[in-house]
Amino acid sequence: MTGRRALDQLPRHVWGTLTVTIMLALLLLPGTPSQAADAAETELALRYAPRISLVLQEQECGPGEPYPPSAVGPLFDNPAVALRGPWTTRDLITVAPSEQDLARPLSGYSLDFPGAALAPGCTYEKWVKRDWEGVPPTIYAHVATEEGRANRLALQYYFFYPYNDYNNKHEGDWERVQLEFDVGTVAEALTREPVRTAYSQHYGVELAHWGGQKLEIRDGSHPVVYVSAGSHASQYSSGLAIGRNAEQGFGCDNTSGAQKVLEPAVVVLDSDLERARQEHPWLAFEGHWGELGPQVFYDAPTGPALTSTWGKPFTWSDAGRDGSFMIPGDAAVVAGPATSVFCGAIAGGSDLFRQFTNKPLPVLLAIGAVLVVAAFLVRATKWRNTSPLPALQGRGVGQIISDSAELLRAHWRLWLGIGSPGVLLAALSLLGLALSESSGLLSGVASLATSLLIAVLTTLVTGATSQAVRLLDEQGQASVRECYRQVFARFWPMLVTLVLFLGALVALTLSVYLSIVALVLTLGWSLWNAVVQVEDRTGIDALRRSWRLVRRQWLTVGAVVGLIALLAAFLGGLLATLALVAVQLPPVMFHLIPGLTSVVLQPFAALLLIYAYFNGRTLEDEAIEGGAASQAEPRGEQPAISR
C-alpha cells in the first residue's frame with residue numbers, strides 16, 4: 001500500500017511522462033507479436049524461397065514455358081480484364097476491376113482475361129509480355145499451421161500463372177510447394193532445417209526428404225522447383241513425368257531441355273488471414289482467377305486462401321506419394337515408342353475433345369467422314385479366297401495381311417524362335433536411349449554403332465522369315481536353326497545390299513529437297529531382302545530387282561509398308577501404355593515393352609514383305625503370259641522358288 005500511496009502522490013506531469021514511457025517500452029519489446037512475428041515470417045520465407053526452373057522458350061509462341069510465376073497486381077485496374085457474375089457466362093459486372101472490387105467474397109464470380117482459353121493461339125503470351133513488362137517474377141509465401149498437429153509448421157509458396165496451356169487448357173493457374181518443420185513456432189523454425197518438402201502436381205502431391213538425393217537445393221537453403229511446361233506441375237528434376245491418373249496428371253509433364261532458372265521476388269502473406277486480407281484484399285476473393293469453361297475441368301481455379309492446404313497443410317501433404325514415374329533426360333531424346341504413343345494419344349485425345357467441346361458439329365462431321373472412308377476401304381479389300389501356301393500366288397492387300405496372320409498363327413513357335421533376337425533389339429534400344437543422353441564424340445559413335453547393329457539384327461530376322469516361308473513352301477516344315485543357317489550363308493550379299501540401301505537413303509535425306517526421292521526409293525527397294533534370300537542377288541542388282549517387282553503393285557506395297565511403319569511406331573507403345581495404365585511399371589520395363597514386341601512384330605512384318613514379293617512375281621508372270629514380255633525380264637531369268 002505504501003508504494004501505491006507514493007505513486008498517487010506523484011505530480012500529474014511526472015505520472016503522464018511515466019505512463020508514456022512504459023507504453024513505448026512495451027511497443028519496442030522484442031516479443032511484440034504484431035511486428036516481431038511478421039519480421040520472423042519474412043526472414044523464414046526469404047531464407048527458403050525456391051528457385052524456379054522453367055523450360056526455356058527460345059522463340060515467342062514456340063516450345064517451352066512462356067509464363068513465369070507472376071504477381072497478381074497487373075490484373076487489377078486492367079482494361080483487358082473483366083469481372084463476371086455467376087448467373088450466365090456473359091454476366092459483366094465491371095471492366096478493369098480494382099483490388100477493392102475483389103475484397104468481397106463474390107463466390108461463383110470469375111475474372112475474364114483477354115483471349116479464348118480453348119483456342120489460345122498466342123493471345124495470352126502477348127498479353128502477359130505487354131502487361132507484366134517490368135514486373136519481376138513473384139511468388140507468395142505463407143506460414144501455416146493446422147489444428148491438432150502440434151509442433152508442426154508449414155512454409156508454403158504459392159505461384160500464379162496467367163494461363164495453363166496443358167490438356168485441360170484454362171485461364172489462371174495457382175500452384176504451390178510446401179516446406180515442413182517439426183517445430184511449433186516461426187522462431188524455432190529459424191533455428192532448424194525443414195524435414196521434408198511437398199510439391200503440388202495436378203490433384204496430387206509428391207514428397208521429398210530435406211537433404212535427400214531427390215531434392216535439389218541451391219545456395220544451401222533454396223529448393224529447386226522444375227516447372228512442367230504448360231501444366232506448371234512442380235517436379236523435383238528435369239525429364240518426362242508420366243502420369244496415369246488424376247493425382248499424377250493423366251498425360252506427360254515435360255521439364256526437360258534447356259532451363260531458365262529464376263530467383264523470384266517473395267511477397268509474404270501474414271499467417272493470420274484477417275491481417276493478410278487487410279494488407280492484400282484480393283485474398284478475400286472467392287471467385288475464379290480466370291474465365292469459367294464449358295466443362296468444369298476447363299474452369300479457372302480459386303485463390304490460395306480457399307484451398308484446403310491453407311488451413312490444413314499437413315492433411316494435404318500426408319496424403320502425398322514418395323515418387324513419380326519420371327524418365328530423366330531430354331524428352332526430345334528419350335521419347336521412344338512407348339512415351340511417344342502414350343503422350344501423343346493423351347494430348348491428341350485432349351485436343352479432339354476440346355475442339356468437340358468448342359465446336360461439336362465440325363468434329364462430329366470429320367469423325368463420321370473418317371469412319372465412312374475406313375468402312376469403305378475395309379469392305380472394298382479382299383481378305384479371303386487365298387491360303388498362306390503356296391506362296392507364289394496373287395494377293396490383294398487384305399489377303400496379304402490375312403495370310404501372314406494365318407501363317408503366324410499356324411507356326412507360332414517357329415516365329416517366336418526366329419523373332420527371339422527381338423530381346424537383344426530391346427536391350428540395344430535401351431542402350432541407344434542411354435547413350436543418346438550423353439555428350440561427346442564417343443557417345444555419338446557408340447549411338448551410331450548401336451543403330452547399325454539394330455539394323456543388322458532386323459535384317460537377319462527379316463531374312464530368316466523369308467527363308468522360313470521358302471522352306472515351308474518347298475518342304476512343308478522349317479526350323480529356326482535351318483532358317484538362320486540359310487541366312488548366314490548369304491550374309492555378305494545381304495550386308496552389302498543393306499549398306500547400299502541405307503547409304504543411299506541417308507545421303508538423300510541430308511537434303512530436304514531430295515527427301516521425297518528417298519521416300520520413293522524406300523518403297524521401291526522395300527523387297528530387297530526377299531530378293532537376296534530367294535533369288536541370290538546382291539547389291540545394286542537386288543535393289544533393281546526389287547524396284548521392278550514393286551512397280552507393278554505400288555499401291556499394294558505402299559499399303560504393306562505403311563502398315564509395317566504404323567505397327568512399328570504404335571504397337572509397342574500401345575502395349576506399353578496399356579501396361580502402364582494397368583500396373584505401375586519401372587521406367588526400364590516401360591521402355592522394354594516396345595522392344596520385346598519385335599519378337600512377334602518383326603516376323604509378321606517380314607511375312608507381309610515376302611508375300612508382297614511373291615505377289616510381284618505373280619503379276620510379272622501374268623504379264624509375260626499375257627504377251628507383255630517387253631515390260632518384264634526375259635522368262636528364262638525368272639527364278640524358281642526352290643533351288
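A salt bridge is a side-chain nitrogen of Lys or Arg within 4 Å of a carboxyl oxygen of Asp or Glu. The exercises below use a predicted model, in which local features need pLDDT of at least 70, side-chain atom pairs count only at pLDDT 80 or more, and totals for chains, interfaces and linings use all residues. Residues are numbered from 1 along each chain as its sequence is written, and side-chain values use heavy atoms, with hydrogens and water left out.

**Exercise 1.** Determine where in the chain the salt-bridge partners Lys 129 and Glu 60 lie.

*Solution.* Step 1: the side chains of Lys 129 and Glu 60 form a salt bridge with an N to O distance of 3.9 Å. Step 2: Lys 129 belongs to helix α4 (residues 123–131), while Glu 60 sits in the loop between β1 (51–55) and β2 (82–84), so that the pair links distant parts of the chain, 69 residues apart. Helices (H or I, at least four residues) and strands (E, at least two) are DSSP runs, numbered from the N terminus. Step 3: Lys 129 is exposed at 61% relative accessible area, and Glu 60 is partly exposed at 44%. Here buried means under 20% relative accessible area, exposed over 50%, and partly exposed in between (1.4 Å probe, protein chains only).

**Exercise 2.** Identify the salt-bridge network that includes Arg 196.

*Solution.* Step 1: Arg 196 pairs with Glu 180 in a salt bridge (2.6 Å, N to O). Arg 196 is in strand β8 (residues 196–201) and Glu 180 in strand β7 (residues 170–181), so this pair ties together parts 16 residues apart in sequence. Step 2: Arg 196 also forms a salt bridge with Asp 318, with the closest N and O atoms 2.5 Å apart. Asp 318 lies in the loop between α8 (313–317) and β17 (325–328), so this pair ties together parts 122 residues apart in sequence. Step 3: Arg 196 is buried at 16%, Glu 180 is buried at 1%, and Asp 318 is partly exposed at 38%. Step 4: the network links Arg 149, Arg 152, Glu 180, Arg 196 and Asp 318.

**Exercise 3.** Describe the surroundings of Tyr 161.

*Solution.* Step 1: Tyr 161 lies in strand β6 (residues 153–164) and is buried, at 0% relative accessibility. Step 2: leaving aside neighbours within four places in sequence, Tyr 161 has contacts (heavy atoms within 4.5 Å) with residues including Tyr 67, Pro 68, Asp 173 and His 232. Step 3: the C-alpha atoms of Tyr 161 and Pro 68 are separated by 6.7 Å, although these residues are 93 residues apart along the chain.
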